[in-house]
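Trainee: I'm new to this structure and would like to learn how to read a helix and a pocket. Could you walk me through it?

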Amino acid sequence: MKYFTLDEFDSPDLPNSGINMDANFLSMLDDARHMADIPFKINSGYRTKEHNYKVGGKEKSSHLAGKAADIACSTSRERWIIITTLQDTGFNRIGIANNFIHVDSDENKSPNVIWTY
């Protein structure tokens, strides 16, 4: 990866757990970061079951499989750039919150969806 290190994706309760991230997901995310030409700060990547429960994540969260990330954003312009480049890279599962964008590549879930929190 050119723009990220695996530790950015660690579950806070398990050092070095970023290694559990899906390689294809990371490659696509790295491509999106390159296209965006703005930093992507990862708020959440891989999650242990315990951490997922603590933060109120869904029982079948894609974070548990290492196929999801939450990317911080603070302006509408950043949000537009992040979402556009994620879609241009081929991501088709995006969640929009006030201060982050969720993206995942979970093939076990419905494709071509955008939701809000």
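Trainee: Thanks! Let me start here: what covers the buried residues of α1?

Mentor: Keep in mind that this is a predicted model. The cover includes the strands β1 (42-44), β2 (68-72) and β4 (100-104), along with the helix α3 (76-89).

Trainee: Which residues of α1 are buried?

Mentor: Here, buried means under 20% relative accessible area. In α1 that applies to Phe-25, Leu-26, Leu-29, Asp-30, Ala-32, Arg-33 and Ala-36. They span an arc of only 160° around the axis, so they sit on the same side of α1. Ala-23 and Asn-24 are exposed, on the face turned away from that buried side.

Trainee: How many residues does α1 have, and what happens at its ends?

Mentor: Helix α1 runs over residues 23-36, which makes 14 residues. From first C-alpha to last it reaches 20 Å, close to the 20 Å expected at 1.5 Å a residue. After α1 comes Asp-37, which has a positive phi, near 60°.

Trainee: Now the pocket: which residues lie nearest the centre of the largest one?

Mentor: First the general idea: rolling a probe the size of a water molecule over the atoms shows where empty space is left. In this model, the largest pocket has a volume of about 460 Å³. Its lining counts 26 residues, and those nearest the centre are Arg-47, Ser-61, His-63, His-102 and Tyr-117. The elements giving two or more residues to this lining are β1 and β4.

Note on methods:
Residues are numbered from 1 along each chain as its sequence is written. This is a predicted model: local features need pLDDT of at least 70, side-chain atom pairs count only at pLDDT 80 or more; totals for chains, interfaces and linings use all residues. Side-chain values use heavy atoms; hydrogens and water are left out. Helices (H or I, at least four residues) and strands (E, at least two) are DSSP runs, numbered from the N terminus. The expected span of a helix is 1.5 Å times one less than its number of residues. Buried means under 20% relative accessible area, exposed over 50%, partly exposed in between (1.4 Å probe, protein chains only). The arc is that of the directions from the helix axis to the C-beta atoms. Contact means heavy atoms within 4.5 Å. On a 1 Å grid over the protein atoms alone, a cavity is a set of points where a 1.4 Å probe fits but cannot get out, and a pocket is an open set with protein on both sides within 12 Å along at least five of seven lines; lining residues have an atom within 4 Å of a point. Grid points are joined across faces, edges and corners, and a volume is the space filled by probe spheres set on the points.
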